[in-house]
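Hello,

Here is the structure we talked about handing over. My notes follow below it.

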Amino acid sequence: MNKKRSLIIKLTFAANFFLLLLPAAVAEEKIFVFSEFCPYEYMEKGKEDGINIYLIKQVCSRMGIEPVFRELPWKRALRNAETGDADAVFSLFKTDEREKLYNYTDNNLNTVKMVLFTNSDRELKIESMQDLKGFNIGVYRGSSYGYIFDTSFIFTRDVANSNENIIKKQLNRRTDAFVMDENVDEFWLGKLNCTGLIKPVNFTIFESKTYIAFSKLSDNNIKLFSSLLAEEKRLLDKQHNYKKQ
């Protein structure tokens with residue numbers, strides 16, 4: 001009886017030992033690329049942060065996906081998703097040209113309002129795009145500001161690699177005005193301690209929804225991802241954890 005019991009104990013120990021040697025189930029990794037777009041997505045002390053980062057993490061958790069976030073220059077981020085070096089890129093506007101390159105989620109992330117800004121001590125009266133003739137306008141490299149703005153040749157575009165640099169150029173009067181989302185501008189003015197030095201011009205350049213776009217070369221359940229994204233946005237709205245877009 002003692003021998004039998006001893007054998008059972010040994011077999012149980014052996015079985016548990018081999019189970020420990022088996023590889024643990026690993027969540028599927030998906031690479032999400034983005035460019036700094038505070039307060040929606042950005043890096044803070046080497047860690048990704050922002051409203052959209054949170055939403056994507058929540059959706060991925062429910063889908064058994066391990067999201068890997070990589071901050072890149074915007075043009076490179078778009079290119080990586082196009083070539084399949086990344087599974088998805090965010091946040092971007094939906095255009096006819098981009099729809100040929102990526103698979104968009106049905107539900108959007110945010111709605112952004114691109115407004116014209118200038119120095120607080122400067123008076124600009126802008127009532128139409130034609131009033132920008134001869135201006136030097138600060139813009140973010142690789143970004144779209146709507147068809148009319150993107151295809152216009154009546155003003156000069158001063159291209160910067162970050163929103164921070166766009167604002168710094170304006171403070172140094174290297175540009176006449178710049179285009180930026182209202183929330184992004186507010187974030188950076190506070191961070192740079194220059195609130196009151198920049199003001200909005202009463203003219204909206206472009207207002208549109210932003211999305212997550214998946215690579216056509218990546219295997220993704222976009223329908224489920226989009227559905228869960230809508231649910232997570234509703235949950236956040238109910239919890240008052242973010243400004244309703």
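Which residues do ring pairs link into a cluster? They are Phe32, Phe34, Phe69, Phe90, Phe214 and Phe225. Rings of Phe, Tyr and Trp (its six-membered ring) pair if their centres lie within 6.5 Å; planes under 30 degrees apart count as stacked, over 60 as edge-to-face and the rest as tilted.

This is a predicted model: local features need pLDDT of at least 70 and side-chain atom pairs count only at pLDDT 80 or more, while totals for chains, interfaces and linings use all residues. Residues are numbered from 1 along each chain as its sequence is written, and side-chain values use heavy atoms, with hydrogens and water left out.

The whole structure holds 14 aromatic pairs. In one of them, the ring centres of Phe32 and Phe69 are 5.9 Å apart with planes at 35°, so the pair is tilted. Both Phe32 and Phe69 are buried (under 20% relative accessible area, 1.4 Å probe, protein chains only).

Beyond four places in sequence, Phe149 is in contact (heavy atoms within 4.5 Å) with residues including Met129, Leu132 and Ile205.

Over the chain, 45% of the 245 residues count as buried.

Regards

Terms used:
Buried means under 20% relative accessible area, exposed over 50%, partly exposed in between (1.4 Å probe, protein chains only).
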